[in-house]
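Here are my notes on the two-chain model you asked about.

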Amino acid sequence: MSAAAGRKKAAGAFDPIELEILWKRLVSIVDEAAATFVRTSFSTLVRDANDFAVVLTDAQGRSLAQSTMSIPSFIGSLPATVRHFLDRFPAHTLKPGDVMITNDPWMGTGHIHDVNTAMPLFHEGRLVAFAAVVSHMPDIGGRLRNSGIREIYEEGLQIPRLKLMHAGSADPAVVAFISQNIRVPEQGMGDIWAQVSACRMLEERLQPLLTGRLLDDLGHEIRRRSEAAMRAAIRRLPDGEYTSRVEHDGFEQRIVIACRITVKGDRLAIDYAGSSPQLPRAVNVVPIYTFAYSAYPVKALLCPDVPNNEGSFAPVSTRAPAGSILNPEYPAASGGRGMIGHLLPPAIFTALADVLPDRVWASGSANSSVTMSGEHRGHRFAVINFLNAGQGATASRDGYSVLSFPSNLGNTPIEVIESLAPMQVVCRSIRRGTGGAGRHRGGDGLRFEFVVIADVPVVTSFIMTRLKSAPPGLAGGGPGALGRLELNGCVIDPSDHWVLKKGDHVVMETAGGGGYGAPVRRRTGQR
Amino acid sequence: MTLNASTTRHPAGRSLRIAVDIGGTFTDGLAVLLPGGRIWVGKCLTTPDDPGEAVSTVIADLLRQVAQAGGSAPRVGEVVHGTTLVTNTLIERKGARTALLTTTGIGDALDIGRELRYDLYDLDLQLPEPLVPRDRRIEVAGRMDALGTEVAPMADAAVARAVRALAALDVEAVAVCLLHGYLNDAHERRLKAGLQTRLPGLAVSISSAVAREIGEYERMSTTVANAYVQPLVARYLDQLQGRIGALAPAASLKIMVSSGGFTSGAAAAETPITLLESGPAAGVLSALNTARANGLDAILAFDMGGTTAKACVAVGGEPLVAHSFECARVHRFKRGSGLPILIPSIDLIEIGAGGGSIAHVNAMGLLNVGPESAGAVPGPACYQRGGREATVTDADLLLGYLNPDNFLGGEMKLSLAEATAALGRLARSLRLTVDQVARGIVGIVNENMASAARIHIAEKGHDPRAFTLVATGGAGPLHALEVARLLRIPRVLATIAAGAGSCLGLLAAPARVDRAWSNPALLAETDWSAAARVMQQLRDDAQAELDSAGVPAGSIVWSIGAQMRYLGQGHSVPVSIPYRRLDASAAAAVQRAFEACYRKLYGALVPGALPQVITWRLTGRATMKRHRFRWGDARAGGADAARGRRRVFLPVRGRFAEVPVFERYALAPGTMLAGPLVLEERESTLVVPMAAEVAVLPDYTISVTIREFE
């Protein structure tokens, strides 16, 4: 096929069949490398929650193919990272076997827990592509993740743009620095070497496709068609300015996200001017993550089938004022970026509610979590359980109850939690009736209740959302019920660190989603 | 259809084994005479309202054929049966009205599931509906902890209350799934006893008997599904036993299960959910049997039918067995859109690529194929049954891969005009020629299958270049060579009787039982006396099942499995050791096996990490014999095998060429041919669209060694 394709290239553009076949093959090769990476990763977030991405870019760092299962955080991030690498290590200085590495949030994915590597791929001495991998590390040193962190220095090891390998040999200084600064170096370095293996596998499998200008031509054509599809989808929206304002519980004060979407012809621009300033908390969202969680709902609403490449998102732009929570300045902490970033899809849904009434959801709530660590039956344990919430209703159906959105993080089975941690779960049940009222009701939240059963103290941290500002309804629909956190019958603040003791009884409740449309009228006299 | 024209009498002391497989359209049967391995095949339309009727028809037909060939039919030793009854009941939601008894506090578990979305970009995704609605779920007080210790008793009054509540629900079946029931089944058994005493006739499934594995949602889903199908399957098997008894009084009934073995009718009626994936399992066993007969160690079993293609890796003569599965998916090819089922099943992938897969133009103006399928009705356009959309079969016809006058032995004419018209509509919208579209559809569907297989092989830690592809299924041999070429697999085998391939698999299936027991503990801290006690119980229980299937005790090989990981990891790996008494000295053997497995999958061990066993498993399996099947003497000599020449498309050369066509079963063993060529048989066509060495093996299997990859 490569020879045939090479010949074809000389004759001009690809037809819709050759393009489909070659492109499928590229994606399949990237997915094969991704499958190998997942198998060899130590991180449970990689294995269970697809918290990683493998991307093939062209020589200029433009996406050619991305692994299929990646979560939305990685939309557009790795190609941008490759371009940052190119700024630091210009193309003419790169050699076969070089591997570049960084976890800089502004150049990577928005927090230092994700480490990015990229390897230049050569054909007959010419740089033709980059293989790149990003994944969530088992650990990155520093303080355990907590929104009380004030600066990036507390969050752990920062890896600036460095060469991990020079022409095939590892840099011992880089390896030693990383190993010294993370808690489980065998696992952390193990994951980094697994990234390198995935890059090498891509290089080997791609050899037949690296000839001539095949990749360049292919990339050009994929981007052209992706861009055309997205522009056509945007053109179907009426021109105009659409705004929304969503709130997060915040800390001392609420956090505000102001969103203004301008649709003009086949372009869509999102401006977050008016959003809260950056905070000395680990909830700041760097521009790359702001973009990813803006691009995600735009794609899902308008054109879910386009690939995540520069073409698809060429007509979409995001901006936020420097120093705001969506464009913070160094050394802002960002470990809990998701708390704010997950508000962007509801902000965009709400803004576009009038022009896409049949597509958008009313607001719901992002996930919460409880993390416990300590000693149990003679062993250290660390257990994290995610709790999802009610999602907003739409014009045509009720909202989903207890479903993960916009991320995709599942719960841990009760039987597994109890086998790892000294706790007994009293219930995990749906909070019936907590979804907002409406022609279509919001989805219901979750109630998760447990008792600590060990004599030794259990260090516990909660991440909870929608405890003060309820998910609002749309088009006259009512808000969902607030979430709440109780310890022994008293409401407590989740942003504190808690040490639980035997007999402590914890109730975590997640919010209901907003309703859609005014509730159906009942007979007079009836409520 | 008689495939044996011998008129000699069957010698005394011979017996017959019969396999019957109920498929969506046809019920296939195959009889093998032992010793010797001569086979006869039978086929009739499936009878959906009373599936057993077609089974009777096929068995009677086979007995008639065998009798004709040998004067009288020998004794039928056993009938091995595969059925899609369980799958269809779940997909069509036609099971029993079922209730659930569960622990206080988790009555919503079936609605909550794992809280995940199976498609990130579908804003209106449809979630699978639980089999038991909330108002038929009853919570019962009483609690075990994670060590299996009772922390709250289950009072008599609580049992009585549950029974009363259940009686009011008017259900036919009930599932019982309690927290940590996999460790301590005392409460589940108490409830079962209470129900059986006071509500006799109610079908009761308890989680500790159906799937003794940790993870309450998945175990509950499995137990509920078992209860849901049990009354129907039990009635069906009971009637079937009667029908077979009338035709072949001495025959025992064996039922194929998803793990690639068979069990007794009684065990199948007790845990019918294990039948779920028996159809695909039989296809893999058929491929595996062919591979064994030819001394192959690493194969990719490849099966392609009307709607789906399936691929399965088997190394060392055994297919991989997975312990979780999904059924009744909302979107057939989307992982996570179905109901989780914890049963051992042959680990294979299903791809939305079949003869009926429909070609269409996507949002980006590119040609896509599948996963939507035209199925058998209306079917591909060339069937002339009302299908108007272009399918893979239509493209196969236009590329010369199918003979319009010899489809199903000529019983069904394929229309070139209709195929051309259907592809013409697509060609116009793509501004391409019909020819280009036909090549495109076949090229894309082959690429889709190769891609899925490539990733499946990578997930298992193998390199496809070391494999042989073994093709089964109606459309398998049509596309196998191109799929192999794309995967750089050098050799392809085409089994005999592709159309009745599942039946060969049923006959090749060994007896097999599986038991599981979750009890997460560090290997170093295992309570060996408890482990030994439970393992002995599992073995006694498994032995009883084998006895009920009439399997001689001496023919069984036992092995102990452990689902293991390092403490703190999210995923576990399956480890297996030969059966032995579980005591402290077993720890070393288990650890060695774990480390060997871990090293193979991941390259290196984790220094300082602690191995942990999540679930112990017990497998008893009859040694898988090498079954040789042969058609008998109806087919001899290659003199009249040639069927002229046909114009077919050769993708590797990018052009059409005239290639020779042969009648497959007229080719004698030992025949050597050179591709490109086409071999036709009644239910299938083997297309070799490249330079290759083609050999007819002694068992009529065709071996193709590809000589032209680029």
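**Notes on the model**

1. Let's start with a pair of strands in chain A: Leu485(A) stands opposite Met508(A) in E20(A). Strand E17 (residues 484-487) and strand E20 (residues 505-509) of chain A run antiparallel and are joined by four bridges. (Strands, like helices, are DSSP runs numbered from the N terminus: helices are H or I with at least four residues, strands are E with at least two; two strands pair if DSSP finds at least two bridges between them.) Before going further, keep in mind that this is a predicted model, where local features need pLDDT of at least 70 and side-chain atom pairs count only at pLDDT 80 or more, while totals for chains, interfaces and linings use all residues. Residues are numbered from 1 along each chain as its sequence is written, and chains are lettered from A and ligands numbered from 1 in the order in which they are written.

2. E17(A) has another partner. It pairs in the antiparallel sense with strand E18 (residues 490-491) of chain A over two bridges, and Glu486(A) has Val491(A) as its bridge partner in E18(A). The hairpin of E17(A) and E18(A) has two residues between the strands, and Asn488(A) takes a positive phi near 50° there.

3. Now the loop between strand E13 (379-387) and H12 of chain A, where Pro406(A) has its place. A cis peptide bond joins Phe405(A) and Pro406(A), with omega about 0°. Val402(A) is found in the loop between E13 and H12 of chain A too, and Val402(A) has a positive phi of about 45° although it is not a glycine. Chain B has a cis bond to look at as well: the peptide bond from Gly675(B) to Pro676(B), with omega near 5°. Pro676(B) lies in strand E31 (residues 672-680) of chain B.

4. What does chain A look like overall? Its secondary structure comes to twelve helices and 20 strands. The C-alpha atoms fill a box of roughly 75 × 60 × 40 Å along the principal axes. A compact globule of 527 residues would have a radius of gyration near 24 Å, and chain A agrees because it has 24 Å. (The radius is taken over C-alpha atoms, and the globule rule is 2.2 Å times the number of residues to the power 0.38.)

5. The domain assignment of chain A gives domain 1 (2-226) and domain 2 (361-527); such bounds come from an automatic or database domain assignment. Their C-alpha centres are 35 Å apart. Six residues from domain 1 of chain A and seven residues from domain 2 of chain A make the contact (two residues are in contact if their C-beta atoms, placed from the backbone, lie within 7 Å).

6. On to the interface: 57 residues from chain A and 55 residues from chain B take part in the contact. On the side of chain A that touches chain B, H2(A) gives the most, with 14 residues. That side divides into 24 nonpolar, 16 polar and 17 charged residues. (Ala, Val, Leu, Ile, Met, Phe, Trp, Tyr, Cys and Pro count as nonpolar, Asp, Glu, Lys and Arg as charged, and the others, Gly among them, as polar.)

7. In chain B, look at the open sheet of six strands in the order E3-E2-E1-E4-E11-E12, with mixed pairing. Strand E3 (38-45) and strand E12 (262-264) of chain B stand at the edges with a single partner strand each, so one side of each is left without a neighbour in the sheet. Strand E1 (residues 15-22) and strand E4 (residues 75-82) of chain B pair in the parallel sense over seven bridges. Within that pair, Val80(B) of E4(B) is the bridge partner of Ala19(B).

8. Last, two helices of chain B: H11 (residues 416-430) and H12 (residues 434-459) pack at an angle of about 100°, with their axes 8 Å apart. (Axes are lines fitted to C-alpha atoms, for helices over the stretch in contact, and angles run from 0 to 180 degrees between N-to-C directions.) That makes H11(B) roughly perpendicular to H12(B), a label that covers 65 to 115 degrees; under 35 counts as roughly parallel, over 145 as roughly antiparallel and the rest as oblique. Residues making the contact include Leu423(B) and Ala427(B) of H11(B) and Val437(B) of H12(B). The contact residues divide into seven nonpolar, two polar and no charged.
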